Amino acid sequence: MKPIFKHNEMMGRHDVELPYTVGSLTSATNVATIDDNVITFYKPLTIDDVVDIIMEWKTTEHYLKNQVVSPSVDR
């Protein structure tokens, strides 16, 4: 599943959430933050998860710079 970036107005950064499924329930957990292109991880992640976050952030960053709302950003 793709990461979700939520803009944290109070902290002036983006929180990174990864969706997960347990049985029939789907939720998301905060795994990192991105502030001024610096990513801080809060949870141990697989290399594949980290690559997915970075690749999706590059796309999201492009949308944010061009003022187009990306479907992966909760603003």
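Leaving aside its neighbours within four places in sequence, which residues is Arg13 in contact with? They are Lys6, His7, Asn8, Thr33, Ile34, Asp35 and Tyr42, where contact means heavy atoms within 4.5 Å.

## About the model

This is a predicted model, in which local features need pLDDT of at least 70 and side-chain atom pairs count only at pLDDT 80 or more, while totals for chains, interfaces and linings use all residues. Residues are numbered from 1 along each chain as its sequence is written, and side-chain values use heavy atoms, with hydrogens and water left out.

## Overall layout

Let us start with the fold. Helices (H or I, at least four residues) and strands (E, at least two) are DSSP runs, numbered from the N terminus. Of the contacts with a separation of 6 or more, 24% are between residues 24 or more positions apart.

The chain has 75 residues, and 29% of them are buried. Here buried means under 20% relative accessible area, exposed means over 50%, and partly exposed lies in between (1.4 Å probe, protein chains only). The accessible surface is about 5200 Å², with 56% of it belonging to carbon and sulfur atoms. These areas come from the Shrake-Rupley method with a 1.4 Å probe, and for residues only the protein chains shown count as cover.

## Back to Arg13

Arg13 sits in strand S2, which covers residues 13-22. Its side chain makes a polar contact with the side chain of Asp15 at 3.1 Å. A polar contact is a pair of N or O atoms within 3.5 Å; within protein, one must be able to donate a hydrogen and the other to accept it, and residues adjacent in sequence count only if both atoms are side-chain atoms.

## An aromatic pair between strand and helix

How many aromatic pairs are there? The count comes to one. Rings of Phe, Tyr and Trp (its six-membered ring) pair if their centres lie within 6.5 Å; planes under 30 degrees apart count as stacked, over 60 as edge-to-face and the rest as tilted. The ring centres of Phe5 and Trp57 are 5.1 Å apart and the planes stand at 65 degrees, so this pair is edge-to-face.

Because Phe5 lies in strand S1 (residues 4-8) and Trp57 in helix H1, the pair ties together parts that are 52 residues apart in sequence. Both partners are buried: Phe5 has a relative accessible area of 0%, and Trp57 is at 10%.

## Salt bridges

The structure holds four salt bridges, each defined as a side-chain nitrogen of Lys or Arg within 4 Å of a carboxyl oxygen of Asp or Glu. One of them joins Lys2 to Glu56, with the closest N and O atoms 3.8 Å apart. Lys2 lies in the segment before S1 and Glu56 in helix H1, so this bridge links parts that are 54 residues apart in sequence. Lys2 is exposed at 57% relative accessibility, whereas Glu56 is buried at 14%.

Another salt bridge runs from Lys6 to Glu17, where the closest N and O atoms are 3.7 Å apart. It ties together parts that are eleven residues apart in sequence, because Lys6 is in strand S1 and Glu17 in strand S2. Lys6 is partly exposed at 31%, and Glu17 is buried at 17%. Within helix H1, Glu61 and Lys58 are three residues apart, about one turn of the helix, and their side chains meet in a salt bridge of 3.9 Å, N to O. Glu61 is buried, with a relative accessible area of 13%.

## A loop with positive phi angles

Glu61 and Asn37 are 24 residues apart in sequence, with their C-alpha atoms 9.4 Å apart in space. Asn37 lies in the loop between S3 and S4 and has a positive phi of about 60 degrees although it is not a glycine. Asp36 lies in the loop between strand S3 (25-35) and strand S4 (38-41); Asp36, not a glycine either, has a positive phi of about 55 degrees. Asp36 is exposed at 70%, and Asn37 is exposed at 51%.

Ile47, Val51 and Met55 make a nonpolar surface patch of about 330 Å². Patches are made of residues with over 30% relative accessible area and no salt bridge: like charges are joined within 9 Å, and nonpolar side chains (Val, Leu, Ile, Met, Phe, Trp, Tyr) within 5 Å. Ile47 belongs to helix H1, residues 47-65, and is exposed with a relative accessible area of 67%.
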